Amino acid sequence: MTTLLDGKAFAARLRLRVAEAVTELTAAGGPVPGLAVVLVGEDAASQVYVRSKGRATREAGMASFEHRLPVDTPQSVLMALIARLNVDPTVHGILVQLPLPEQMDTAAVIAAIDPAKDVDGFHISNVGLLATGGRAMVPCTPLGCLMLLRGALGSLRGLDAVVLGRSNIVGKPMAQLLLAEDCTVTVAHSRTRNLADLCRRADILVAAVGRPGMVPGDWIKPGATVIDVGINRVSDGQGGSRLVGDVDFDTAASVAGAITPVPGGVGPMTIACLLANTVTAAARASD
Ligand code: GUN
């Protein structure tokens with residue numbers, strides 16, 4: 001029997017725990033955690049994400065600050081805003097929504113964020129801390145994947161994990177987290193040879209490549225745990241569209257031991273982990 005890893009339900013429980021942590025922190029005289037989200041431009045998908053991040057933040061009892069800047073904003077203006085947020089004592093987490101418009105140097109923008117407020121975990125200080133086993137802010141999507149994996153498997157020690165995709169946001173931090181759980185980790189990408197054979201050896205398969213249905217069921221080891229990070233909008237063949245993952249769910253679900261659906265798998269975990277990181281940042285600020 002295949003287990004469906006219900007990220008929506010898992011995330012709802014995590015959000016309740018975050019709300020409890022907020023209550024405990026403020027009851028102990030700590031600050032109300034505050035999250036500032038910065039959106040530059042009008043990208044439709046980003047607007048949806050930013051709205052739902054704001055709503056979830058308020059629902060967890062935290063303060064939400066939204067900053068919307070026009071698409072042609074000079075980088076210096078964004079940098080000045082980040083500098084203000086870095087020293088604002090009511091702001092404990094700063095998230096600059098990616099992708100940024102072309103005129104921006106994304107690496108320089110991320111480097112300007114105070115690492116202690118970097119709830120995305122994208123600053124090189126946090127990347128380095130994660131790689132060396134320190135007290136890092138961990139990127140939200142891979143952190144959510146890890147929680148689902150722990151929930152499904154308990155200990156991950158000694159398992160063979162294959163991560164498809166090597167992005168800074170998902171693939172690379174995912175590999176670090178799995179390594180820290182004592183998995184044997186392979187990171188595969190568009191130039192990897194014998195991808196199917198490699199995937200067939202994986203006890204844990206994390207797909208984060210952004211290619212709809214790229215992983216068919218016959219690439220999956222029977223009983224494996226499959227985490228599908230892909231969120232791809234495709235035509236439904238009737239003039240509308242639907243969301244699908246990087247894994248071909250219909251063929252994979254009969255082989256995998258456990259699998260995340262799309263939507264309702266990893267997606268809801270990402271926002272819940274963002275809230276968790278914000279509480280963590282606020283608690284550390286008041287230590
Ligand atoms: N755009 C897509 N995913 C993310 C994310 O996790 N954080 C930020 N800041 N932007 C994104």
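Helices (H or I, at least four residues) and strands (E, at least two) are taken as DSSP runs and numbered from the N terminus. All views show a predicted model.

**View A. The loop that holds aspartate 182, between helix 7 and strand 6.** Helix 7 spans residues 171-180, and strand 6 spans residues 184-188. Aspartate 182 lies in the loop between these two elements. Its phi is positive, at about 70°, although the residue is not a glycine.

**View B. The open sheet of six strands, in the order 1-11-8-7-5-6.** Pairing in this sheet is parallel. Strand 5 (residues 160-164) runs parallel to strand 6 and is joined to it by five bridges. Alanine 161 stands opposite valine 185 of strand 6. Helix 6 (residues 140-153) lies across strand 1, strand 7 (204-207), strand 8 (225-228) and strand 11 (258-259). Relative to strand 8, helix 6 runs at about 160°.

**View C. The region annotated as the NAD(P)-binding domain, residues 139-284.** The UniProt annotation for this span, from an unreviewed entry, reads "domain: Tetrahydrofolate dehydrogenase/cyclohydrolase NAD(P)-binding". Over residues 139-284 the chain is 36% helix and 19% strand. The end C-alpha atoms of the span are 17 Å apart.

**View D. The packing of helix 6 against helix 10.** The axes of helix 6 and helix 10 are 8 Å apart, and the packing angle is about 110°. Angles of 65 to 115 degrees count as roughly perpendicular, and helix 6 and helix 10 are therefore roughly perpendicular to each other. On the helix 6 side the contact is made by Cys140, Thr141, Leu143, Gly144, Cys145, Met147 and Leu148. Helix 10 contributes Val266, Met269, Thr270, Ala272, Cys273, Leu274 and Asn277. By class, the contact of helix 6 with helix 10 has 10 nonpolar and four polar residues, and no charged ones.

**View E. The packing of helix 1 against helix 10.** Helix 1 covers residues 7-27, and its axis comes within 8 Å of that of helix 10, with a crossing angle of roughly 15°. Angles under 35 degrees count as roughly parallel, and helix 1 and helix 10 are therefore roughly parallel to each other. Their crossing is left-handed. Helix 1 makes the contact through Gly7, Lys8, Phe10, Ala11, Leu14, Arg15, Val18, Ala21, Val22 and Leu25. The partners in helix 10 are Val266, Gly267, Pro268, Met269, Ala272, Leu275, Ala276, Val279, Ala282 and Ala283. The residues in the contact of helix 1 with helix 10 divide into 16 nonpolar, two polar and two charged.

**View F. The packing of helix 2 against helix 10.** Helix 2 (residues 44-59) and helix 10 (residues 266-285) have axes 10 Å apart and pack at an angle of about 50°. The two helices are therefore oblique to each other, and their crossing is right-handed. Ser52, Lys53, Ala56 and Thr57 of helix 2 meet Ile271, Leu274 and Leu275 of helix 10. The contact of helix 2 with helix 10 has four nonpolar, two polar and one charged residues.

**View G. The open sheet of three strands, in the order 3-2-4.** The strands pair in parallel. Strand 3 (63-69) and strand 4 (93-96) stand at the edges, each with a single partner strand, so one side of each lacks a neighbour in the sheet. From one strand to the next the twist averages 15°. Strand 2 (residues 34-40) and strand 3 run parallel and are joined by seven bridges. Leucine 35 has serine 64 of strand 3 as its bridge partner. Helix 2 lies across strand 2 and strand 3, and runs at about 170° to strand 2.

**View H. The region annotated as the catalytic domain, residues 5-120.** UniProt, in an unreviewed entry, places the feature "domain: Tetrahydrofolate dehydrogenase/cyclohydrolase catalytic" here. The span is 49% helix and 16% strand. Its end C-alpha atoms lie 24 Å apart.

View I. Proline 99 has its place in the loop between strand 4 and helix 4 (106-112). Proline 263 is found in the loop between strand 11 and helix 10.

Definitions and conventions:
Residues numbered from 1 in each chain as written. Predicted model: local features only at pLDDT ≥ 70, side-chain atom pairs only at ≥ 80, totals over all residues. UniProt positions renumbered as here; feature names shortened; annotations may be inferred. Axes fitted to C-alpha atoms, helices over the stretch in contact; angles between N-to-C directions. Parallel < 35°, antiparallel > 145°, perpendicular 65-115°, else oblique. Left-handed = near helix turned anticlockwise from the far one by under 90°. Contact = placed C-beta atoms within 7 Å. Nonpolar A, V, L, I, M, F, W, Y, C, P; charged D, E, K, R; others polar. Pairing = 2+ DSSP bridges.
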